[in-house]
Structures are given as C-alpha cells and as structure tokens.
Amino acid sequence: MSPETTIVAALVTPLIGAVGIALTGRLPNLRESVTLVTAGVLAVLVWSLVPQVMAGARPELLVTTMLGGLSIAFEIEPLGMLFGALAASLWIVNSIYSIGYMRGNDEKHQTRFYVCFAIAIFAALGVAFAGNLLTLFVFYEVLTISTYPLVSHKGDPATVRSARVYLGILLSTSIGLLLPAMIWTYAEAGTLDFTAGGILGDVAGPALGVLLGLYAFGIGKAALMPVHRWLPSAMVAPTPVSALLHAVAVVKAGVFTVLKVVVYVFGLDTLTEAGAQQWLVWVSGGTVVLASLIAMTKDNLKARLAYSTVSQLSYIVLGAALATASGVIGAAMHIATHAAGKITLFFCAGAIYTALHRTEVSELRGLGRTMPFTFAAFTVGAISIIGLPPFGGAWSKWFLTLGALEAGELFAVAVLMVSSLLNIVYLLQIPLLAFFRAPASGSVPEGVQEAPLPCLIAIGITSLLCVVLFFGADPLYELTRLLPSS
Amino acid sequence: MNLDAHLPILQIIVPLMTAPVVSLLRVPSLPWAAATVTSGLAFAVAVTLTGQVLAGGPMSYALGGWVPPYGIELYVDHFSALLLLIITGASTVALAFGKASLDQEVGHERAPMFYAAWLLVVAGLCGIVATGDAFNLFVFLEISSLATYVLIASAPDRRALMATFRYLILGTVGATFYLIGVGLIYMMTGTLNLADMTDRIAEVGELRPVLVAAGFITVGLALKAAMFPLHAWMPNAYTFAPHAATAFLAACSTKAAIYVLIRFDLTVFLPHLSDHAEQVSGFFIPLAVLAFLIGSAVAVFERNLKRMLGYSSVAQIGYILLGLALLSPLALTGAIVHLFNHALMKSALFMAVACLAFRAGSVQLPDLAGCGRAMPLTMGAFVLAGLSMIGVPLTAGFVSKWYLILACLEYGPLGYVLAGGILVSSLLAVAYVWKVVEAAYFQPRPEGARELREAPPAMLAVLWLVALGNVWFGIDTDLTLGLAEQAAATLLGDGS
C-alpha cells in the first residue's frame with residue numbers, strides 16, 4: 001500500500017467501524033468484536049507508517065484546495081506519528097477495558113458510546129496527521145463535539161450541567177481565541193501550512209507574544225490555567241472515557257497542538273530570539289504547581305487524577321515554552337509516557353468503582369488485600385508519573401529538566417522538582433493507604449474481589465507499557481529527535 | 001431571432017407574464033406546478049446569463065430598442081448575475097420544497113393568488129437587480145414589496161396580518177425615501193439612468209441636494225434591508241409568513257435592497273461626494289456592529305425558532321453592511337459572497353424549521369423538545385446549516401467570515417476591535433444553535449406532545465440539497481468568490 005492510501009485507510013477505518021458498531025448494536029458480542037477488529041486494523045495501518053517516518057519520509061495527502069491557498073491536507077511528521085500511533089494503540093487496550101467496565105456497571109446506551117468513541121478516535125487521528133492549521137482545527141472541533149455525548153453519557157441534570165461546561169469552554173476558547181489566532185497567522189504569513197522552522201519569522205516580538213497567548217489559551221484542550229475547568233467537569237463521564245479521552249486523545253490533542261504550533265508555526269528560533277515565550281514558562285510552571293496543590297485537596301479519586309492531568313499537561317506546554325531541543329524532545333516523550341501512566345491510573349480508578357463502587361480516596365483504606373492487582377498497577381502508574389525509574393516517566397522528566405537547564409530557566413527546574421515531590425504526596429498516598437492502613441471496621445469485603453477480567457487485562461497491558469517505555473525508550477527518542485529544533 | 005441577447009428581459013418577463021395566468025388556474029396543485037416550472041425556467045435563465053457574463057463581460061439591453069440613457073436600460077454584470085442566481089435559486093428550491101407545507105398552510109382555495117404573488121415577487125426582485133434605471137428600479141421595488149405583503153398575509157395565523165401591516169407601513173416609508181432621493185438626483189442631473197447619472201453628477205456644481213439624496217436613499221434602502229435599528233418589521237414578518245415563503249423571503253428579499261444600496265453608494269455617490277467614504281464608514285460601521293451583536297444576543301434568548309432565525313438575519317445583515325462600510329476590495333468581496341452564502345444557510349435553516357412545523361405544528365422551542373430522535377434527517381440538515389451560520393471551516397459561512405475578518409485585520413487598529421466583535425457574535429451564534437441542538441437531542445418529548453415522524457421525502461430531498469450546498473460552496477469557491485471578486489473590483493474600480 002502506498003503511504004497516501006494508508007493515510008486514507010487509517011482515517012476511514014474508524015468511521016467504517018462506527019457504522020459497523022451502529023449496525024450491530026442489537027448484538028453486543030458482535031458489536032464489541034467490531035470495535036476490537038476496527039481498533040486492531042487501525043493500529044496495524046498506523047504502525048505501518050512508523051518505519052517510513054523514522055526513515056525520514058513525510059507521507060502527504062492533499063484532499064482539496066479551497067480559497068486563498070487554504071487546503072484540507074495531511075502530512076505525517078514525527079510528532080503526529082507519535083500521537084497517532086499512541087491513540088490508535090491505546091484504543092485497543094481501552095476497548096478491552098470498556099467491555100469489562102460497561103458491562104460490569106450495566107451502563108445504558110452502550111452502542112452510542114462505542115460509536116462516539118470510534119468517531120473521537122477518527123478525529124484524534126485527523127488532528128495527528130493534519131498538514132496545516134485549518135485541517136487541524138476542523139478535526140479539533142469534531143473531537144470536541146463527538147466527545148460531548150460521551151461526557152454527558154449518564155444524562156442526569158448534574159451530568160448535563162458538567163458536560164455543558166465541558167463543551168462551553170472548549171468551543172468558546174477554540175472559536176473565540178484559536179480561530180482568530182489562525183486568521184491572524186494567515187494575515188501575517190499568507191499560509192497555514194506546518195513548516196519546519198515556522199512561518200512567522202517577520203512578526204515583531206510583542207505581537208508574537210500576544211499571538212502565542214491566543215494559541216496557548218485558545219487550545220483549551222491543553223488545559224492551561226485558567227481554561228482548565230472543563231477537565232474536572234469532564235470527570236462525570238464513564239471511566240473508560242476519562243481514561244482514553246481525558247488522559248490520552250482529547251487532552252493530548254491539546255498539548256500536541258500547542259507543541260506543533262510552537263515547532264511548526266512559530267519556530268523555536270523565532271520564539272527565543274524575540275523572547276516571546278518567556279511568559280508561557282511562568283504560566284505553565286504556575287499551572288504545574290497550582291494544579292498539584294489543588295489535587296492534594298481532592299478526596300474524590302477521579303477529581304484528584306483530573307487535577308494531576310492538568311498539572312502534567314502543563315509539563316508538555318512548559319517543554320514547548322522552553323523552546324530548546326531537549327525541551328521539545330522531553331515534551332513529545334511526555335505525551336507518550338504520561339499517557340501510559342495516566343491511563344493505568346484511570347483504569348484502576350474505574351476498576352475500584354466497578355468492583356466495590358468506591359469513588360473517594362478516604363474510602364480506599366485497607367483495600368490493598370481485596371484488590372491487590374489493581375493497587376499494584378496503581379503504584380506502577382503513580383511512580384511512572386512521578387518520574388522515577390524503572391518506568392517511562394523518568395525519561396520525559398529527564399529531558400524536560402535537561403531542556404530547562406539548556407534554556408537557563410532555573411524556575412522551570414525548580415517547578416519540575418517541586419512538582420515531583422507533590423506528585424509523591426498525592427499519588428503514592430493512595431496505594432499506601434490501601435496497603436498499609438487498617439481498614440475502617442467492617443467496611444472491607446472478605447477475600448480478593450477484583451474487577452472483571454477484561455479490565456484486569458487492560459490494566460496489565462498499560463502497566464507493562466510503563467516499564468517498556470523505560471527499557472525500550474530508544475525508538476521513541478529516535479522519533480522525537482527527528483523534530484526540527486532550529 | 002437570437003434568444004441569448006434577450007435574456008435580461010426574459011429574466012423579468014417570464015415570471016411577470018406567467019403570474020396572471022397562474023392566478024386563473026383553478027385545478028388543485030396546478031398553480032404550484034406552474035409557479036415551480038416558471039421559477040425553474042427563471043433559474044435556468046439566470047444560470048445562462050451568469051455564463052454569458054462570465055464569458056463576455058457585462059450585458060446591456062435597451063428596452064424596446066430605445067437607446068440608453070433615453071430609454072430604459074437593463075444592465076447585468078457580475079454583481080447582478082450573482083443576485084439573480086440567489087433570487088431565482090432560492091425561489092425554485094423553496095417552491096420545490098414547499099408543496100406539502102404550503103398546501104397545509106395556504107390551502108387550495110387561495111393557492112392561485114398566492115403563487116401568482118410569489119411569481120410577482122420573483123419578477124420584482126429580478127427587475128430590481130437587472131435594471132439600470134433608477135425609477136424603473138422603484139417600480140420593481142414596489143411590485144416585489146406589494147407581492148411580498150400578500151405572501152406574508154396568506155399564512156393561517158391572524159397575527160400575520162398585523163405583521164404584514166407593519167411591514168407595509170415601514171416598507172412604504174422606505175420606498176418613498178428612495179423615491180425622494182431619486183427625485184432630487186433627477187432634479188440635479190436630468191437623468192434616471194444609473195450609469196448616466198454617475199457621469200452627470202460630475203458636472204453638477206452644487207452638490208448639497210445630491211448629499212441629501214444620498215441620505216434619503218441610504219436610509220430608505222437600509223429600512224428595506226432591515227438594517228439595525230430599522231429592522232423592526234422583519235422578525236415578525238418572517239415569523240408569521242407561511243414557512244416555505246419565509247425560506248424564500250429570508251434568502252433574498254433583503255438582499256435586493258442591499259444590492260441597490262451597495263450599487264448606489266459605491267458607483268453614484270462615492271466618486272463624486274467629497275468625504276462620502278468617511279460618511280459611509282462612519283454611518284454603517286457602528287450600526288453594523290450593533291446589528292450583529294444585538295441581533296445575535298436577542299436570538300440567544302428567543303424561544304420561537306423562526307423569530308430566532310429572524311434576529312440572526314439581523315446579525316448577518318450586519319456582517320454584510322460591515323463589509324460594505326470598510327470600503328476595501330477584500331471586505332466588499334466578503335460582503336458580496338456573504339449575500340450568497342447567507343441565502344444558502346438561511347434557506348436551509350428555514351426549510352428545516354418548515355419540516356419541523358409541518359409535523360409538530362409549532363415552532364416554539366419547548367414544543368420541539370426531543371424532535372431529534374423522531375426527525376433525525378431534518379435536524380441533521382438544521383445542524384449542518386447552523387454550523388455554516390456559525391462559520392465553521394468547510395462550510396459556506398466560513399468563507400465569507402474569513403474574508404470579512406481578514407479585511408478587518410487589514411483595516412488598522414479599529415479593525416481588531418471589529419474582528420473581535422465578529423467573533424463574539426459568532427460565539428453567540430454557537431449559543432443559539434446549541435440551544436436548538438440541546439432541545440432537539442438531549443431533552444425528552446414533553447408529555448402529551450404530538451407524535452412526530454420524519455418529514456415527507458420530497459421536502460427532505462430539497463432540504464438536504466441546500467444543506468449540502470453549504471458544504472459544497474464552503475469547499476469549491478470558484479463560482480461564488482469569482483463573481484464576488486469581479487463584482488467588488490468593478491464597484492470599487494468605478495469609485496476610484
């Protein structure tokens with residue numbers, strides 16, 4: 001298959017899957033098979049592009065040209081390859097998990113759930129492979145809208161209210177800030193194509209800073225404070241949604257876009273020469289610490305994980321704001337390593353809910369004996385997020401710190417260190433409570449009581465992935481090293 | 001005889017002459033069929049005319065063989081060709097779409113008169129944009145207005161009469177203002193031919209009466225165009241007119257007035273009146289901004305779907321007038337292309353509403369709760385056209401907004417504020433479109449509400465044709481932008 005055909009196939013596969021899922025809605029087993037087969041085919045297609053991209057090829061596909069040189073076009077470069085491969089691969093694991101979770105909790109509207117999920121994956125791939133800002137924007141909006149039914153899945157008034165916050169913030173930031181930023185960019189550069197070295201070389205320093213602000217806050221999915229509120233709101237969704245979308249596809253689409261804009265629209269040199277990114281270091285650094293502090297105050301497990309996500313996303317924005325080679329490599333790697341760690345944590349939270357219907361951290365005391373596998377996996381995910389070996393998170397933090405030192409940003413170094421300490425406090429506290437504290441009397445069931453098997457399989461796979469990303473990080477490093485750093 | 005040379009007059013007389021015949025047809029459904037075929041024929045003429053203009057440039061036609069400026073001249077250039085496409089296209093799709101809906105609302109008894117009036121509106125509007133004579137234009141303006149009142153008053157709702165009466169009073173004031181302005185110019189120049197007028201004003205020494213004429217003509221036409229704050233007649237007229245007629249009128253009745261406004265201001269006044277550029281910008285920019293901010297804001301709080309879309313039209317007309325007021329090729333291109341794109345999105349939206357009303361018997365939002373499940377195709381088209389109205393990429397609405405915002409950014413510091421205003425208004429559009437989506441998809445049907453099913457296939461087919469047109473013209477912009485760019489260049493070229 002030629003690369004162009006592969007791109008088309010990769011984009012069309014989830015859509016065909018969505019139709020298949022809708023048609024087989026009456027037969028749950030067949031429907032879930034369709035999801036799994038689609039996810040498998042998609043992963044094969046996307047991964048088949050990896051060797052070419054690593055060899056330096058940049059597969060392109062022009063769909064149509066519109067007014068003034070604008071077009072709908074795809075071009076796969078290392079960063080998009082990384083994000084695309086990540087989303088496609090984790091979709092398989094997440095689908096396995098969803099089967100256990102959705103059935104274990106007797107959720108309603110399961111067909112709608114799987115259909116929207118497939119469309120969301122389609123949109124995430126579109127974001128990953130987009131060859132210009134306009135294409136990216138279109139898929140970014142499709143992603144927002146296709147995930148709304150997933151967030152409001154429960155359908156009760158409180159859920160719908162939260163879902164409205166989700167949609168409101170994401171739509172208004174993208175139309176109110178990102179779209180004008182795009183138009184401004186076009187007015188200055190005459191193009192919206194992603195170009196190595198950027199397209200905004202002629203813009204004066206202060207204007208560059210303002211434009212970067214429009215992008216940083218306009219890309220609401222990156223959850224930079226103060227536009228992070230949608231993420232905790234989105235936690236009303238079923239846990240598989242929180243896991244894949246709010247640890248991987250949606251939020252990563254956000255930080256991916258920030259990174260992509262910094263590297264391919266602004267260009268690292270343009271930014272550093274003008275010093276236009278300096279304020280973003282402060283804001284993202286502030287978000288890292290503040291969100292961690294808020295996470296410590298949350299007793300609800302998913303809310304705590306949500307604020308942890310806000311904090312971790314700003315690592316990536318911080319890496320982009322450092323605008324150094326190592327910073328960008330670290331940020332790109334963190335997209336993958338944080339995904340593996342955070343999806344594990346969410347899977348565990350969902351498993352605890354499915355098995356024991358507990359949602360608060362304080363209710364988890366002494367449950368280590370009851371759900372040993374889940375809490376072991378939780379520990380793995382937590383340590384990976386904290387950034388300690390032998391888990392993947394160590395590498396991304398390594399490069400981020402290196403990038404901060406290269407840029408001479410001692411503030412950023414301090415932020416990374418403080419944040420690691422805070423992570424230890426609010427994440428490791430949970431397995432410690434479960435394993436080493438005596439349970440409140442009579443509240444713990446006898447014997448082992450784990451979540452359904454599909455959930456456990458999924459948790460096992462992602463925990464393993466955290467380890468693999470540490471020992472087998474070389475391909476990831478090679479891929480991210482291909483990003484244009486000057 | 002070569003028919004091609006006579007196309008400009010055919011454009012007008014085909015519907016004009018068929019109208020009395022239609023009024024005599026007493027067989028049920030025959031008036032509708034005759035009107036639809038005639039309208040289709042007019043559309044075919046418009047398409048052919050556009051082809052000729054694109055190939056060979058503007059066409060001039062001397063009525064009755066009297067040479068202009070003494071006789072009446074018909075003049076079709078790129079700008080008028082685009083408007084002819086809008087008018088005849090909107091009429092044809094609304095007629096093809098609306099049979100069942102109009103049968104329900106107007107009934108067979110009044111149908112002959114109704115469809116005759118419809119054809120007169122088409123003839124009048126085509127006349128307005130095709131004529132090159134200022135007084136002849138007034139005559140066509142009156143033909144189309146009077147016939148429009150009949151269309152609106154044909155609705156079964158008694159409140160339609162009140163809405164018509166209001167429209168009639170204000171419409172007459174507007175037309176009279178226009179006539180006073182034309183009279184003043186005639187007094188100073190002795191000509192009614194628009195092209196001749198442009199030449200002769202240059203020789204007029206005392207320009208004060210011309211300035212007064214500019215004031216009368218601008219305000220009169222602004223009233224006809226429902227420019228904020230002269231829009232009071234419009235939301236109710238749209239709300240109470242028969243649904244299919246709203247789809248037609250919303251797409252093109254105000255557009256013809258805007259067309260005349262643009263043509264007069266840019267070709268007759270702008271080149272000769274000193275400071276007229278400042279006057280145009282100073283007059284229109286604040287009103288345009290208020291129009292799209294207030295229009296959109298009111299739409300957010302409106303619970304009647306048709307009135308909501310009416311206020312949204314107030315806002316969209318604001319965009320168009322802003323494009324005129326910035327007086328740059330880019331902005332004017334945006335304004336002209338938005339004439340077309342707005343017609344496309346609004347006729348799709350009103351058609352979707354007509355489908356809903358056809359089944360639910362109401363256009364109040366609470367009565368339509370939960371309709372998305374029973375009428376997925378109708379609501380799908382509504383959402384698509386709604387996205388176009390918001391200006392989402394890949395839809396027609398994006399193209400015009402893109403041009404308008406680029407033009408704003410080009411305009412200087414004030415332009416940034418204007419661009420901000422457009423974006424705020426777009427966000428408000430998100431809010432009111434979303435309100436409909438939420439009611440349709442995420443609320444249950446109210447207790448005891450009428451059982452719904454999908455609209456008839458004939459209505460859906462046309463609705464989707466237009467809705468997909470929004471996507472088509474959002475991607476393939478050769479025709480619309482080609483005509484608009486050429487029109488803007490000609491209009492401003494004459495001005496400088």
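## Chain B at a glance

Chain B has 19 helices and two strands, where helices (H or I, at least four residues) and strands (E, at least two) are DSSP runs numbered from the N terminus. Its radius of gyration, taken over C-alpha atoms, is 21 Å, close to the 23 Å from the globule rule for 496 residues, so chain B is as compact as a globular protein of that length. That rule is 2.2 Å times the number of residues to the power 0.38. Along the principal axes, the C-alpha atoms of chain B fill a box of roughly 75 × 60 × 40 Å.

A word on ground rules: this is a predicted model, with local features needing pLDDT of at least 70 and side-chain atom pairs counting only at pLDDT 80 or more, while totals for chains, interfaces and linings use all residues. Residues are numbered from 1 along each chain as its sequence is written, and chains are lettered from A and ligands numbered from 1 in the order in which they are written.

Looking at contacts in chain B with a separation of 6 or more, 80% join residues 24 or more positions apart; a contact here has C-beta atoms, placed from the backbone, within 7 Å.

## The core and B:Leu463

The largest nonpolar core holds 407 residues, and A:Ala87, A:Val317 and B:Leu463 touch the most other members. Such a core is a set of buried Ala, Val, Leu, Ile, Met, Phe, Trp, Tyr and Cys residues joined through C-beta atoms within 7 Å. Helix 13 (residues 329–360) of chain B brings the largest share, 23 residues.

Skip the neighbours within four places in sequence, and B:Leu463 still contacts B:Phe97, B:Ala348, B:Met351, B:Ala352, B:Cys355, B:Thr378 and B:Ala381.

## Helix 15 of chain B

Helix 15 (residues 376–390) of chain B has 15 residues and should span 21 Å at 1.5 Å a residue, which agrees with its end C-alpha atoms being 21 Å apart. The expected span is 1.5 Å times one less than the number of residues. This helix is mostly covered, with 12 of its 15 residues buried; among them are B:Thr378, B:Ala381 and B:Phe382.

Those buried residues pack against helix 12 (305–325), helix 13, helix 14 (371–374), helix 16, helix 17 and helix 18 (457–475) of chain B.

## Where the chains meet

The contact draws 17 residues from chain B and 16 residues from chain A. On the chain B side, helix 16 (396–410) and helix 17 (413–442) each supply at least two residues, and helix 17 of chain B gives the most, with six residues.

## Two spots in chain A

A:Trp230 sits in helix 8 (residues 230–233) of chain A and counts as buried because it has 26 C-beta neighbours inside 10 Å. Beyond its neighbours within four places in sequence, A:Trp230 contacts A:Val165, A:Tyr166, A:Ile169, A:Leu170 and A:Gly220.

Strand 1 (residues 60–65) and strand 2 (residues 71–75) of chain A pair in the antiparallel sense over five bridges; pairing takes at least two DSSP bridges. A:Thr64 stands opposite A:Ile72 in strand 2 of chain A. The two strands form a hairpin with five residues between them, and A:Gly68 in the turn has a positive phi of about 50 degrees.

Conventions: Two residues are in contact if their C-beta atoms, placed from the backbone, lie within 7 Å. A residue is buried if 20 or more other C-beta atoms lie within 10 Å of its own, exposed if 12 or fewer, and partly exposed in between; C-beta atoms are placed from the backbone.
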